[in-house]
Amino acid sequence: MRSKRAVTRRHASLLLIVFLAGVACDAAPAPNKTIYAKTSNKELKQKALSLVKSIRELVDSYNTKDRELRAEYDKKDKPESRTEARKALRGQWLTASDAVHDAAMRTYKDQYWADAIVLRNELYRRLPTQPNQKDAAMLYQVPTNVLGIGFIADHLELLAKSLPDS
């Protein structure tokens, strides 16, 4: 009697798991649908161009900070200074420059990365002719530096401007 109850409970548990999995699969969005699937082309363009503007502001901010660090380094770097002092100064500059770069990359990842990928996918889905996306897709997933982030902004802008209004 005891083993029959255990088997019945296992079957009931298994049925419940299968049922919940089926419900979860039906609740999942269709593979070709994104959160922007119901927005108009005009709204999608505006969203993409707004994201492009934000990404470019981030890149410009990084470039400004990096130029300031370089100018500060150039002021302090004197040819008559000892070699050890010049090496230490260069090391400080490189450390500060790396920190600014890392902060820009972190900000991109935290604030813009997911939207850039989703918007790119939706724009590709809607474009009448599909451009070659293999090279760009990897860069969207794993931008390696601020130059890559700038490329993403340029590419998103191109895609948004290629989208028909209707």
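Are Tyr73 and Trp93 buried or exposed? Select the two residues in this predicted model: Tyr73 is buried, and Trp93 is buried as well.

**First stop: the aromatic pair**

Keep Tyr73 and Trp93 displayed and examine their rings. The two form a stacked aromatic pair, with 5.0 Å from centre to centre and 20 degrees between the planes. A search of the whole structure returns one aromatic pair. Tyr73 belongs to helix H2 (residues 41-76) and Trp93 to helix H3 (residues 83-111), so the pair ties together parts that are 20 residues apart in sequence.

Next, select Ile55, Tyr108, Leu123, Tyr140 and Leu156. These residues have the most contacts inside the largest nonpolar core, which has 34 residues. At least two residues of this core come from each of H2, H3, helix H4 (113-126), helix H5 (134-141) and helix H6 (146-162). H2 gives the most, with 10 residues.

Centre the view on Leu123. Leaving aside residues up to four places away in sequence, Leu123 touches Leu44, Ala48, Leu156, Leu159, Ala160 and Leu163. Then move to Tyr140, where Arg120 lies over the face of the ring, at 4.9 Å from its centre.

Which residues are linked with Arg56 in a network of salt bridges? Select Asp154, Glu157 and Lys161 together with Arg56 to display the network. Within this group, Asp154 forms a salt bridge with Arg56, and their closest N and O atoms are 2.5 Å apart. This pair links distant parts of the chain, with Asp154 in helix H6 and Arg56 in helix H2, 98 residues apart. Asp154 is partly exposed at 41% relative accessible area, and Arg56 is partly exposed at 28%.

Continue to Glu157, which forms a salt bridge with Lys161; here the closest N and O atoms are 3.1 Å apart. Glu157 and Lys161 are four residues apart in helix H6, so about one helical turn separates them. Lys161 is exposed, with a relative accessible area of 56%.

Notes: Residues are numbered from 1 along each chain as its sequence is written. This is a predicted model: local features need pLDDT of at least 70, side-chain atom pairs count only at pLDDT 80 or more; totals for chains, interfaces and linings use all residues. Side-chain values use heavy atoms; hydrogens and water are left out. Rings of Phe, Tyr and Trp (its six-membered ring) pair if their centres lie within 6.5 Å; planes under 30 degrees apart count as stacked, over 60 as edge-to-face and the rest as tilted. Buried means under 20% relative accessible area, exposed over 50%, partly exposed in between (1.4 Å probe, protein chains only). A charge sits over a ring if NZ of Lys or CZ of Arg is within 6 Å of the ring centre and within 35 degrees of the ring normal. A nonpolar core is a set of buried Ala, Val, Leu, Ile, Met, Phe, Trp, Tyr and Cys residues joined through side-chain atoms within 4.5 Å. Contact means heavy atoms within 4.5 Å. A salt bridge is a side-chain nitrogen of Lys or Arg within 4 Å of a carboxyl oxygen of Asp or Glu.
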